[in-house]
Every structure is written in C-alpha cells, then in structure tokens.
Amino acid sequence: MKKTVAIFFGGCSGEYKVSLMSAASVIKNINKEKYSVILIGITEYGDFYLYEGRVEEIENDRWFNEKSVRKITVSVNRSDRGIILLDTGETVRIDVAFPVLHGRNGEDGRLQGLLELAGIKCAGCGMTSSAICMDKYLAHELAASKGVSVPKGYLFKKTDSFDYVEEKISDLRYPLFVKPLKAGSSLGVGKIRAIGELEAALKEAFVYDNKVLIEESVDGFEVGCAVLGSLKPIVGESDEIELENENGFFDFYEKYSLKTSKIHLPARLARCEKEKIKVFALNIYKILGCKGFARVDMFYTKDKKIVFNEVNTIPGFTSHSRYPSMLKAAGISFEETIDRLIDQAAE
C-alpha cells in the first residue's frame with residue numbers, strides 16, 4: 001500500500017513565501033506512484049488547512065481560498081496519528097510528515113514537537129535538534145564545548161540598555177554582525193563597521209526577535225555542505241559563496257537574487273581541503289543531534305581554518321537550491337533525495 005505523506009507548507013514566519021516555492025518543488029518531484037500525498041498549508045497567521053487545489057496556486061500564493069481548503073487540526077491522540085477535518089470530524093491518518101517550512105514556527109522545533117506528541121513520523125530533524133540549531137548562540141556554545149571554532153560574540157536581550165551592549169562588545173573587532181537569535185534567511189541581519197551604526201542595526205534585528213547575537217566577522221568566505229541521513233549520513237559536495245562586494249554579505253536579498261554574488265559548486269578548493277570541510281560539517285551535524293537532512297554553513301579562512309556559522313535544518317528545497325544541488329553533484333538526484341528522506345522517516 002502507498003504511504004500517506006503530508007507535505008506542510010507556508011507557516012507563520014517571515015519566510016512564508018520562500019516555503020511556498022520550496023514546497024511546490026517537492027510536490028512536483030515526489031513519486032506519486034509510490035506515495036499518496038496530502039497537502040497541509042499553514043497561513044501567515046498560523047491556521048492549518050488541508051489544501052486540495054493545484055500546486056501552481058501554491059507557487060503564486062493563491063492557494064488559500066474557500067473552494068480549495070478545509071480547516072484542520074493535528075490530533076494529539078497518538079492512536080489517530082493524523083489530522084482531524086474540522087468540518088466533518090473525519091480523521092486522516094498520516095504515515096510520514098514532510099515539513100517544508102522555513103524559520104520560526106516550522107523549522108525551530110515547534111511543529112516537530114507537535115508531530116512527535118501526536119506520534120506522527122517526521123522527515124528531517126526532530127524537536128530538540130531543530131530548536132538548538134535555530135538558536136544561533138546555543139548552537140555555537142554547544143559546538144564550542146566540543147572544540148569547534150566559532151566566531152566570538154555576545155547575546156543580548158531587548159531589555160538590555162544600549163550602554164550595556166556598547167560596553168560588552170568593546171573587546172570585539174569590527175566589522176561586526178548583528179543577528180536576530182532565531183531568524184532564518186539572514187532576515188534582520190546587519191553588518192556594522194563602527195559603533196555609530198549599532199543602534200540602527202539593533203533596532204532592525206529586534207524586529208525579528210527579542211534576543212540578538214552580536215559577533216565578529218570571520219576573515220574568509222562561506223562554504224556549505226549538505227548532509228543526508230541518520231545512521232550513516234551522506235555528505236554532498238561542498239559549495240562556496242563568492243561575494244563581489246567585499247564589504248557586503250550573503251543577506252536575504254543576495255540569497256534569492258545572486259545579483260552581486262556567485263555560488264561555486266564544487267567549491268574552488270583542493271580536494272583535501274574539501275574533504276576536511278565535509279568531515280567538519282558531519283561532526284557539527286552529529287554534535288547538534290541532527291538527523292534526516294540539514295545544510296551546515298561554515299567559513300573557510302585565509303589560513304585554511306574552518307569556523308562554524310550555522311545549521312539550516314530545513315534549507316531551501318527547490319530543485320536549484322543549494323542543498324539539492326550539492327547532493328546532485330554527489331550523484332543523488334532531487335527525486336531520490338525526497339525518496340530517501342521519506343523512507344528514513346518511515347523506518
């Protein structure tokens with residue numbers, strides 16, 4: 001019998017529209033002869049609906065209309081292992097949930113925790129590792145405790161005074177990055193070169209979170225690795241981000257436009273260097289308790305040292321996104337990647 005796979009998309013997050021594009025790509029490429037697919041859309045306000053329309057309407061953000069949606073809730077009765085249609089009370093059983101959500105309320109462990117409570121198997125990282133990876137400061141602290149190099153930085157609350165922040169970061173070297181603690185796609189991230197730029201950067205970062213991480217810039221370039229699997233993870237080919245503007249960074253705009261940046265796949269490094277990066281990425285993946293899939297982002301310095309940046313537990317998932325592209329370069333197609341993720345979750 002076909003396994004019923006529920007693809008979750010949308011979400012109450014600043015990355016709502018990014019999720020729509022990723023999910024549409026997964027929906028188009030999933031093996032429908034092998035799986036019975038149901039679609040669960042989450043609005044920007046956090047309401048859950050069974051979506052029964054065309055995938056093109058998801059891409060165009062026109063999926064939410066009265067003719068195509070039915071309001072649902074996830075049943076917390078483990079014997080149900082599924083969702084409840086609120087208009088009829090009918091229960092729909094789910095074999096595997098496949099969240100294609102980015103950022104808050106989808107990638108941060110909250111949805112994963114709900115699914116674990118409901119006894120529904122879930123593709124990708126579980127609640128704990130998702131929550132840790134979303135918390136940039138906690139992820140760095142845990143990795144550093146295992147001997148991993150991380151940027152020097154400090155964590156601040158919205159209630160901290162500006163004078164306190166200024167005094168605390170006085171030993172950091174500029175330029176500095178000001179980051180919302182738990183936001184993805186570089187939303188709200190600012191790069192500052194002097195103390196006079198700090199107040200505006202803090203104001204922007206606090207729009208996305210009530211905690212902010214301020215850390216030193218790493219003198220190097222960004223590299224990434226795709227990791228797939230649980231017991232015996234596979235590491236895809238590493239890529240490299242080249243910035244034409246040395247004073248800029250790979251922000252939200254650049255991630256989705258590549259106007260002044262390039263992604264080199266494979267990374268323009270010697271084979272031994274790329275292998276070292278892969279080993280480093282897999283170590284981070286294991287330290288943070290990841291499973292299923294994740295993209296590990298790092299910095300490679302001029303003196304050939306690797307510094308941990310962050311882990312995306314649900315990275316961009318269109319067929320041309322970095323994660324699937326890195327696996328494709330290692331001989332694993334997008335369709336096979338989806339297949340493996342579902343099989344691993346079901347097992």
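## Strands E3 and E4, and their neighbours

In this predicted model, strands E3 and E4 run antiparallel and are joined by three bridges. One of the residues to look for is Tyr51, whose bridge partner in E4 is Val69. On to E2: this strand is also antiparallel to E3, this time with four bridges, and Ile42 sits opposite Phe48 of E3. E2 and E3 make a hairpin with five residues between them, and Gly46 in that turn has a positive phi of about 90 degrees.

Which way do the side chains of E3 point? Strands that are regular put their side chains on alternating faces of the sheet. In E3 (residues 48-51), Phe48 and Leu50 point one way while Tyr49 and Tyr51 point the other, and all of them are buried.

## The whole sheet

Zoom out and these strands belong to an open sheet of eight, ordered E6-E5-E4-E3-E2-E1-E7-E8, with mixed pairing. Its edges are strand E6 (91-93) and strand E8 (121-122), each of which pairs on one side only. At the E6 end, E5 (residues 82-85) pairs with E6 in the antiparallel sense through three bridges, and Ile83 has Val92 of E6 as its bridge partner.

## Helices against the sheet

Helix H1 (residues 16-29) lies across strands E1 (3-10), E2 (35-42) and E7 (96-99), at about 155 degrees to E1. Helix H11 (residues 334-346) packs on the sheet too, touching E1, E2, E7 and E8, and its direction makes about 135 degrees with that of E7.

Then there is helix H3 (residues 110-117), where Leu111, Gln112, Gly113 and Leu115 are buried. The cover over those residues includes E1, E3, E7, E8 and helix H4 (127-134). Just past the end of H3, Gly119 has a positive phi of about 75 degrees.

## Aromatic rings

How many aromatic pairs does a search of the whole structure find? The count is 12. One of them is Phe9 with Trp63, an edge-to-face pair with 5.0 Å between centres and 80 degrees between planes. This pair links distant parts of the chain, 54 residues apart: Phe9 is in strand E1, and Trp63 is in the loop between helix H2 (55-59) and strand E4 (69-74). Phe9 counts as buried because its relative accessible area is 0%, and Trp63 is buried as well, at 0% relative accessibility.

The two rings also belong to an aromatic cluster made up of Phe9, Tyr49, Tyr51, Trp63 and Phe64. Tyr49 and Tyr51 are the E3 residues that point one way together. Elsewhere, the charged end of Lys179 sits over the ring of Phe177, 5.9 Å from its centre.

Most residues other than glycine have a negative phi, and most peptide bonds are trans. Arg81 is an exception on phi, with a positive value of about 50 degrees although it is not a glycine. Arg81 is in the loop between E4 and E5, and at 31% relative accessibility it counts as partly exposed. Lys304 also has a positive phi, near 65 degrees. This lysine is in the loop between strand E17 (293-301) and strand E18 (306-312), and Lys304 is partly exposed at 49% relative accessibility.

As for cis peptides, one joins Tyr174 and Pro175, with omega about 0 degrees; Pro175 is in the loop between helix H6 (162-168) and strand E10 (176-180). Another runs from Leu265 to Pro266, with omega near 5 degrees, and Pro266 is in the loop between E16 and H9.

## Around Ala267

Ala267 is in the loop between strand E16 (261-264) and helix H9 (271-287), and is buried, with a relative accessible area of 3%. Apart from neighbours within four places in sequence, Ala267 contacts Ser238, Asp239, Glu240 and Lys274. Between the C-alpha atoms of Ala267 and Ile83 there are 43 Å, with 184 residues separating the two along the chain.

## The protein overall

In total there are 11 helices and 18 strands. The radius of gyration is 20 Å, close to the 20 Å that the globule rule gives for 347 residues, so the protein is as compact as a globular protein of that length. The C-alpha trace spans about 60 × 45 × 35 Å along its principal axes.

Of the 347 residues, 54% count as buried. Among contacts between residues at least 6 apart in sequence, 64% join residues at least 24 apart.

Key:
Residues are numbered from 1 along each chain as its sequence is written. This is a predicted model: local features need pLDDT of at least 70, side-chain atom pairs count only at pLDDT 80 or more; totals for chains, interfaces and linings use all residues. Side-chain values use heavy atoms; hydrogens and water are left out. Two strands pair if DSSP finds at least two bridges between them. Helices (H or I, at least four residues) and strands (E, at least two) are DSSP runs, numbered from the N terminus. Contact means heavy atoms within 4.5 Å. Axes are lines fitted to C-alpha atoms, for helices over the stretch in contact, and angles run from 0 to 180 degrees between N-to-C directions. Rings of Phe, Tyr and Trp (its six-membered ring) pair if their centres lie within 6.5 Å; planes under 30 degrees apart count as stacked, over 60 as edge-to-face and the rest as tilted. Buried means under 20% relative accessible area, exposed over 50%, partly exposed in between (1.4 Å probe, protein chains only). A charge sits over a ring if NZ of Lys or CZ of Arg is within 6 Å of the ring centre and within 35 degrees of the ring normal. The radius of gyration is taken over C-alpha atoms; the globule rule is 2.2 Å times the number of residues to the power 0.38.
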